[in-house]
Amino acid sequence: MQTLAHWDGGPGPWILFFPLVWAAVVVGAVTVLRRTVWRGRQGSWRATGGSRPSVDSPDSPMAVLGRRFASGEIDEDEYWRRVSVLEEHFGRTGKG
């Protein structure tokens, strides 16, 4: 009797199909993880060179803008104009 596992006394051509199935399962699992779980943790596992600094970071645009306003480099009108530009470009940057 010829079955999928035994084709004329040895493993049949179906033996080549099983590694492809497992490869598809692994690729599918990695794809699902990258699109869901790992998306929220991008900063922790990617290199920090190309990532945007967070709002709480001392190098964030809002922090730099706040320091320039506090030191007197820019006046209040300039400060609020730049804050509005940052919010338009990057979305709401503050908490709350």
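Two rings of Phe, Tyr or Trp count as a pair if their centres lie within 6.5 Å. In this predicted model, a search of the whole structure finds three such aromatic pairs. Ring pairs join Phe69, Tyr79 and Trp80 into a cluster. A pair of aromatic rings is described by the distance of the centres and the angle of the planes.

**The core**

Along with Leu65, Ile74, Val83 and Leu86, Tyr79 makes up the largest nonpolar core. That core has five residues. Helix α4, which spans residues 76-90, supplies three of them, the largest share.

**Salt bridges**

Side chains of opposite charge can pair when their charged atoms come close. The structure holds three salt bridges.

| Salt bridge | N to O distance |
|---|---|
| Glu73 and Arg68 | 3.1 Å |
| Glu78 and Arg81 | 2.1 Å |
| Glu78 and Arg82 | 2.4 Å |

Take Glu73 and Arg68 to begin with. Glu73 is exposed, with a relative accessible area of 54%. Arg68 is partly exposed, at 27% relative accessible area.

Now turn to helix α4. Glu78 bridges to Arg81, and Glu78 also bridges to Arg82. Together, Glu78, Arg81 and Arg82 form a network of salt bridges.

How many residues apart in helix α4 are Glu78 and Arg81? They are three residues apart, so about one helical turn separates them. Arg82 and Glu78 are four residues apart in helix α4, and they too are separated by about one helical turn.

Is Glu78 buried or exposed? Glu78 counts as buried because its relative accessibility is 16%, and the cut-off for buried is under 20%. Its two partners are partly exposed: Arg81 has a relative accessible area of 49%, and Arg82 has a relative accessibility of 34%.

**The surface patch**

Which residues make the nonpolar surface patch of about 850 Å²? The patch is made by Trp14, Ile15, Leu16, Phe17, Phe18, Val21, Trp22 and Val25. One of these residues, Phe17, lies in helix α1, which covers residues 17-35. Phe17 is partly exposed, with a relative accessible area of 43%. A patch residue needs over 30% relative accessible area, so Phe17, at 43%, passes that cut-off.

**In short**

Methods:
Residues numbered from 1 in each chain as written. Predicted model: local features only at pLDDT ≥ 70, side-chain atom pairs only at ≥ 80, totals over all residues. Heavy atoms only, no water. Core = buried A, V, L, I, M, F, W, Y, C linked by side-chain atoms within 4.5 Å. Buried < 20%, exposed > 50% of the residue type's maximum accessible area, 1.4 Å probe, protein only. Helix = DSSP H or I, 4+ residues; strand = E, 2+ residues; numbered from the N terminus. Phe/Tyr/Trp six-rings, centres within 6.5 Å; stacked < 30°, edge-to-face > 60°. Patch = residues over 30% accessible without salt bridge, like charges linked within 9 Å, V, L, I, M, F, W, Y side chains within 5 Å. Areas by Shrake-Rupley, 256 points an atom, 1.4 Å probe, with all protein chains shown as cover. Salt bridge = Lys/Arg side-chain N within 4 Å of Asp/Glu carboxyl O.
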